Amino acid sequence: MTQALASSRAGWWVILALILAFAAQMVVVNGLPSATQTTLLAEGGFYESLSVVGYILCILALIWTLRGAVLRVWYLPLVLAVVAARELDLDKILFTRGLFKARQYTGEGVPLGERLIAGLILALIVTAILLMLWRHARPYLTALFRGRAWAGAVLLGIGFTVAYKLLDGIARKLAPLGIEVSADAERTAFVVEEIGELGIPVMFLVAILLWPGPAPATAHPTNRAHRV
């Protein structure tokens with residue numbers, strides 16, 4: 001990693017450039033014919049496939065950055081792998097009701113063995129998330145308050161996740177509130193959501209690449225943010 005890339009100022013410029021690039025893509029794709037939009041944004045299409053590739057690159061970058069220490073933070077690549085699997089809808093394809101659906105565990109028509117396997121997988125995912133928060137939340141917040149670019153990229157990735165989840169099916173979500181969304185606005189929201197979801201792994205990848213890396217004495221990875 002070059003010194004310029006590792007510097008906080010250069011990192012923020014990289015993040016800004018990526019945000020503008022995604023905004024430009026949204027404008028361009030939103031102006032394309034509907035058939036072309038559907039091809040690009042469909043399930044398993046261009047942008048969704050790139051998103052999966054992005055998460056895979058995040059995992060590889062994390063392993064490369066941490067090297068042997070990655071085993072001590074096994075939950076980080078696991079969480080990324082789970083999100084990639086969700087992009088491929090594996091949580092729905094491999095289970096009768098869906099790994100993250102309550103009906104998988106309480107509804108009828110799900111074999112007991114499948115329920116147990118799903119429950120174990122879900123427990124592992126919850127454990128990974130709790131470990132990630134417990135070990136990394138404090139040093140992460142410290143880095144964020146110090147204006148570190150890698151921490152900002154993580155925040156943007158999380159923010160994108162929430163924002164684009166809210167945009168998913170916006171017309172259906174607003175209908176009970178008596179708010180009607182036009183077809184054009186709904187289509188624009190769909191374009192923004194599908195393209196924007198690619199920004200999630202991209203921001204996480206930027207965060208990993210901007211991460212300072214191990215100290216000379218190989219400090220525990222959860223404490224690295226204090227060195228930035």
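Author: Of the 228 residues of the chain, 36% count as buried, a word that here stands for under 20% relative accessible area, with over 50% called exposed and the range in between partly exposed (1.4 Å probe, protein chains only). This is a predicted model, in which local features need pLDDT of at least 70 and side-chain atom pairs count only at pLDDT 80 or more, while totals for chains, interfaces and linings use all residues. Residues are numbered from 1 along each chain as its sequence is written, and side-chain values use heavy atoms, with hydrogens and water left out.

The chain has eleven helices and zero strands, where helices (H or I, at least four residues) and strands (E, at least two) are DSSP runs numbered from the N terminus.

The largest pocket holds about 1700 Å³ of space. A pocket is an open set of points on a 1 Å grid over the protein atoms alone, where a 1.4 Å probe fits and protein lies on both sides within 12 Å along at least five of seven lines; its lining residues have an atom within 4 Å of a point. Grid points are joined across faces, edges and corners, and the volume is the space filled by probe spheres set on the points. The lining of the largest pocket numbers 46 residues, and Val79, Val83, Thr161, Ile200 and Phe204 are the closest to the centre. At least two lining residues come from each of helix 4 (46–66), helix 5 (75–87), helix 6 (90–93), helix 8 (112–145), helix 9 (149–167) and helix 11 (183–210). Sorted by class, this lining has 28 nonpolar, four polar and 14 charged residues, with Ala, Val, Leu, Ile, Met, Phe, Trp, Tyr, Cys and Pro taken as nonpolar, Asp, Glu, Lys and Arg as charged, and the others, Gly among them, as polar.

The second largest pocket, with about 190 Å³ of space, is lined by 14 residues, and Val82, Ala85, Leu99, Ile121 and Ile125 lie nearest its centre. Helix 5 gives the largest share of that lining, five residues, and the classes there are twelve nonpolar, no polar and two charged.

Turning to the packing, the largest nonpolar core has 43 residues, of which Leu62, Leu66, Leu80, Trp150 and Ile195 touch the most other members; such a core is a set of buried Ala, Val, Leu, Ile, Met, Phe, Trp, Tyr and Cys residues joined through side-chain atoms within 4.5 Å. Helix 11 supplies the largest share of this core, eleven residues. A second, separate core of five residues includes Phe95, Leu99, Ala118 and Ile125.

Val206 lies in helix 11 and, because its relative accessible area is 10%, counts as buried. Leaving aside residues up to four places away in sequence, Val206 touches Ile15, Leu18 and Ala153, contact meaning heavy atoms within 4.5 Å. Glu194, also placed in helix 11, is buried with a relative accessible area of 10%. With the residues up to four places away again not counted, Glu194 touches Leu41 and Tyr47, and the C-alpha atoms of Glu194 and Leu41 are separated by 6.2 Å although the two are 153 residues apart along the chain. For the chain as a whole, residues 24 or more positions apart account for 63% of the contacts with a separation of 6 or more.
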